[in-house]
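This report takes the chains of one assembly in turn and then turns to the places where they touch. It is meant to be read beside the sequence and the coordinates.

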Amino acid sequence: MSWLSTLAHDAEIAVFAAVGQHGLGLTETLGRQRGVRLVSSPRHARVLLVAGEVESAQARALERLHAQIPPPRGTVWWQAPRLFERGETVIGDDPGEAIRRAAGADDPEQRPDVPPHPWRGMGPHGQGGHGMMGGNPYGRPMAMTADDIRDGLTLDAYSARFGPFLPALPPGLVLDLTMQGDVIVSAAAASPPYPQGPEGDAPTLCAARMLRLMGIGPRAAHARGALMALPKGSGMRRRLAAWLRGETVTESPAPPPNALPGREWAEAVLWLASFPPSRLRAVCPEEAA
Amino acid sequence: MIAATFALLLSLPLLVWVAAMFDRIGAGRGRVVMAPLQNGAALLLRPNTETEAPDQLNRLLAPGWYLALALVGLSVVPFAPGVVASDIATGLVLWGACEALTVVVVFLHGWSPNSPLPLIGAYRYVAIGLPAMLLSMFVLIGAALPAQSLSVAEVVEAQRDLWNVVRQPLGLPLFMALGLAITLRGPFDFAEGAELAGGASAEESGPALAAWRFARAAMLVAFSAMAATAFLGGYLGPVLPGPAWLLLKTLAVMAAAVAAGRFFARMPPARMLTFLWVVLLPLSFANLALVGVEALP
Amino acid sequence: MIDALFLTLSALAIWSGWRVFRVDSMVRASFLLMVSFIAVGLIAVLLAAPYIGIATIFMMAVEMMVMALFMVMFMMNPAGLNPMVMVHQHRFAVVAGIVAFAGLTAAALLSDLPSRPVPESAEVVRALGHELLGPSMLIFETAGVTLLATMIGAVVLSARSGRYGDSDAGSVPPGLTPGGEPAGRKPDDGRGRPHHHGGQ
Amino acid sequence: MIQIAMPVVLAMLAIAFTTAIQRIARTDATWPRRAPFLGGGLPETHAWQRFHVRYYPMALLFIAFEMEMMFMYPWAVVYVETGVKALAEMGMFLGILSIGILYGWREGVFRWQ
């Protein structure tokens with residue numbers, strides 16, 4: 001496999017960016033780095049880049065992300081204090097060198113290797129479950145039925161914590177969602193988005209984020225048609241249009257726990273992206289954790 | 001027939017490489033020629049990812065089936081008069097079956113990791129992939145009308161006087177919608193969109209991801225060759241030999257598909273579903289009616 | 001060559017048909033059934049029916065996809081995370097299976113089947129088309145109306161939303177005993193107002 | 001019969017190729033690595049569930065449409081020979097089915113239920 005290694009030597013480094021406080025602007029500059037490619041899932045990545053300070057309350061989430069990057073993996077803390085003893089810290093504006101060094105690193109795993117629930121050898125087949133739906137087969141219980149808010153079919157409700165580093169959500173926002181299919185049935189904001197400063201509300205940055213979710217680049221010629229793709233009546237078109245004209249949006253959203261239920265996943269994600277991070281932060285309670 | 005199969009197997013990796021180059025140009029990234037190979041090699045050297053209680057077998061086979069469908073779809077495309085890997089009399093139907101099975105394969109790819117984001121991607125894709133396939137069938141039946149046959153070779157021969165793209169102007173744009181859907185790109189990429197952080201492929205890494213991306217690019221090649229054959233006259237053309245014409249037209253369709261994927265924004269799936277049934281499907285009816293009137297003796 | 005292909009495909013069809021009832025996952029069961037149909041479709045192509053064969057594959061791919069959606073939607077333990085038995089009424093099923101097998105085998109072996117090999121050059125699709133536009137035209141058009149009725153029926157039965165409000169407004173599930181308490185969950189006023197309608 | 005033998009061979013080659021590629025790497029994983037990616041969060045249950053498909057009326061409508069496609073292929077082959085009769089017949093057929101789409105649209109089946 002030596003020829004494969006030789007070929008791979010000059011490959012771009014796949015980086016998963018966990019965006020912290022004031023990290024949005026930083027991450028945008030990363031797209032211009034040569035030899036570095038931002039990816040949307042830690043599974044595709046080689047290096048975990050923490051861009052901006054992350055509170056120690058979310059160190060656990062960061063450790064989980066770190067664990068989900070297939071080994072060997074490296075870590076870079078860019079303008080962020082280290083929350084665990086892996087990787088190196090970068091103070092300046094250019095993490096390029098550190099990323100290249102991290103691409104040769106091999107961080108050891110730090111989370112204990114235990115399943116979410118003990119299951120091995122339990123139950124009649126040793127898979128941890130019993131009966132049709134009972135127990136913890138392979139370490140987790142199965143989803144159970146619950147009422148639905150749209151069509152009234154009582155099918156399974158899936159509850160999970162999304163964020164704080166899901167690239168589709170504003171960085172820092174932690175949502176406890178219950179979903180039926182791809183429709184959100186109930187939502188709670190466990191933690192507000194990180195402060196991004198005035199540059200986080202900059203129209204070009206906000207528009208680019210929203211357009212990326214719609215699968216197109218930020219070039220203006222494309223963007224006009226993008227307005228047509230958004231659903232009518234939710235204000236998303238109006239806000240994106242304002243950003244594309246270069247105006248700052250000052251609208252405040254309804255709190256996510258009220259506004260998200262009933263929305264389909266893509267709509268919900270676009271809706272969240274259609275508000276500036278500072279406004280979204282203002283309507284999410286700080287103390288709930 | 002054997003020769004055509006070998007030609008197909010030899011040219012496919014190169015065309016996949018070219019498809020990856022087009023994608024890099026579309027994304028506005030440098031190092032167009034070598035980066036796809038280097039990134040692919042880097043992926044091959046990474047480990048696969050196991051998830052909690054996945055459907056191992058389907059997870060392993062999904063990229064293989066995807067590639068298989070691309071190859072089978074490509075096998076009905078004639079490279080020159082009489083030179084085709086699979087000379088089946090119902091080539092258009094076989095291509096349609098490949099489209100239908102693509103929806104199944106993408107669903108399996110998203111289903112098997114047992115993870116929420118891939119799962120949502122898989123289900124959304126089925127909602128959009130099925131009607132998009134219906135659309136393409138009406139369009140391809142339009143292409144079969146003047147040929148009076150379901151054989152792809154006959155469809156090409158029927159374009160000796162006039163290419164279908166002129167005779168049926170609505171056909172190629174509508175067929176492109178299907179192409180974007182089965183190659184998971186741009187406005188029809190409901191399986192792997194950014195709002196799902198990679199969706200159906202979010203849990204894949206290493207060689208499994210490389211195999212899936214290879215198959216996806218191979219499907220783009222197969223689709224482009226089919227579109228070039230059904231609407232742009234396939235191997236027909238002056239001066240140059242037939243296979244060269246087919247290659248040029250395939251590359252043109254490929255470039256157009258990549259550009260369209262970067263140009264059109266993706267709607268939320270519910271909106272796209274309505275758009276497909278209420279706008280695009282009636283348009284394909286209209287296309288068929290126009291073709292029908294035009295084809296009457 | 002053809003015999004070998006035929007035997008392989010038959011074995012695949014039977015094996016995957018059997019596996020349908022042995023796997024735990026609804027998705028696997030649906031798509032194993034699809035594999036079985038694909039093998040049968042390819043056999044049909046071997047029997048000089050290129051249209052029917054490939055069309056079977058086409059149709060079954062789509063239909064098993066939709067079946068998988070509904071199977072996962074409505075069955076307990078859809079992915080088979082806990083092992084389970086997919087068959088019910090064992091004894092009846094075994095007897096019915098043996099009777100059906102014996103009957104079909106007898107029909108195949110005992111009846112005097114015509115031996116008229118279809119020539120390789122026969123244009124079976126064209127013949128089918130002429131049939132549809134000639135003697136069978138009434139059947140063809142009736143199929144259109146039947147499919148329309150199917151569509152309307154499917155929409156009426158499945159969609160909750162509608163022009164005149166929710167389809168289940170004021171409905172009560174039937175009782176378990178005649179005149180008894182309604183079965184299942186009781187609809188209450190708090191539930192079922194669609195909060196937010198689709199993205200249009 | 002080589003007409004289907006060749007696609008079958010190609011399909012087997014594709015499967016062999018991608019399976020071989022995926023065997024290059026090891027697939028060992030710790031439990032934290034296996035957890036589904038949710039951006040740092042964790043789920044309570046398995047993702048496999050009685051998934052609430054939001055487009056089930058559309059799926060049923062689609063099946064009816066699909067049936068009809070199968071009539072159209074033979075129709076397309078003999079269309080030019082048969083002429084106006086074929087056009088009229090298919091026009092009627094498609095007209096009837098278009099009523100189905102219109103009705104479905106009116107009842108909102110293309111929305112997320």
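How far apart do the end C-alpha atoms of residues 59-80 of chain D lie, and what share of the span is helix? In this predicted model, the end C-alpha atoms of residues 59-80 of chain D are 33 Å apart, and the span is 100% helix and 0% strand.

UniProt, in an unreviewed entry, lists "transmembrane region" for residues 6-25, 59-80 and 86-105 of chain D. Residues 86-105 of chain D are likewise 100% helix and 0% strand, with 28 Å between the end C-alpha atoms.

The C-alpha trace of chain D extends over about 70 × 50 × 20 Å along its principal axes, and 57% of the 113 residues are buried.

## Chain B: eleven helices

Chain B contains eleven helices and zero strands, and from the N terminus on its elements follow the order α-α-α-α-α-α-α-α-α-α-α. A compact globule with 297 residues would have a radius of gyration near 19 Å, and the 19 Å of chain B agrees with this. Along the principal axes, the C-alpha atoms of chain B occupy a box of roughly 60 × 45 × 35 Å. Buried residues account for 73% of the 297 residues in chain B, and, among contacts in chain B with a separation of 6 or more, 79% join residues 24 or more positions apart.

An unreviewed UniProt entry places "transmembrane region" at residues 64-85, 92-111, 123-145, 217-238, 244-265 and 272-293 of chain B. Two of these spans can be described from the model: residues 244-265 of chain B are 91% helix and 0% strand, with end C-alpha atoms 34 Å apart, whereas residues 272-293 of chain B are 100% helix and 0% strand, with end C-alpha atoms 30 Å apart.

Why can strand E4 (residues 74-78) of chain A be called largely enclosed by the rest of the structure? Five of the five residues of E4(A) are buried, and therefore the strand is largely enclosed. In a regular strand, side chains alternate between the two faces of the sheet. In E4(A), Gly74(A), Val76(A) and Trp78(A) point one way while Thr75(A) and Trp77(A) point the other way, and all are buried.

E4(A) pairs with two other strands. Strand E3 (residues 47-51) of chain A runs parallel to E4(A) and is joined to it by five bridges, with Trp78(A) of E4(A) as the bridge partner of Ala51(A). Strand E5 (residues 88-90) of chain A also pairs with E4(A) in the parallel sense, over three bridges, and here Trp78(A) stands opposite Val90(A). E3(A), helix H3 (residues 59-68) of chain A and E4(A) together make a right-handed β-α-β unit.

Further along chain A, helix H6 (residues 203-213) has as its buried residues Leu205(A), Cys206(A), Ala207(A), Arg209(A), Met210(A), Leu211(A) and Leu213(A). Just after H6(A), Gly215(A) adopts a positive phi of about 85°.

## Chain C: two domains

The domain assignment of chain C gives domain 1 as residues 1-77 and domain 2 as residues 124-168. The centres of these two domains of chain C, taken over C-alpha atoms, are 25 Å apart.

## Where the chains touch

Chain B meets chain D through contacts between 62 residues of chain B and 51 residues of chain D. On the chain D side, helix H1 (2-22), helix H3 (56-82) and helix H4 (84-106) each supply at least two residues, and H1(D) provides the largest share, 14 residues.

Chain B also meets chain A, with 43 residues of chain B in contact with 41 residues of chain A. The elements that give two or more residues to the chain B side are helix H2 (35-44), helix H5 (116-147), helix H9 (206-231), helix H10 (242-263) and helix H11 (269-295) of chain B; of these, H2(B) gives the most, with seven residues.

How values were computed: Residues numbered from 1 in each chain as written. Chains lettered and ligands numbered in written order. Predicted model: local features only at pLDDT ≥ 70, side-chain atom pairs only at ≥ 80, totals over all residues. Helix = DSSP H or I, 4+ residues; strand = E, 2+ residues; numbered from the N terminus. Rg over C-alpha atoms; globule rule 2.2 N^0.38 Å. Buried ≥ 20, exposed ≤ 12 C-beta atoms within 10 Å, placed from the backbone. Contact = placed C-beta atoms within 7 Å. Pairing = 2+ DSSP bridges. Right-handed = clockwise from strand over helix to strand, strands pointing away. Domains from an automatic or database assignment. UniProt positions renumbered as here; feature names shortened; annotations may be inferred.
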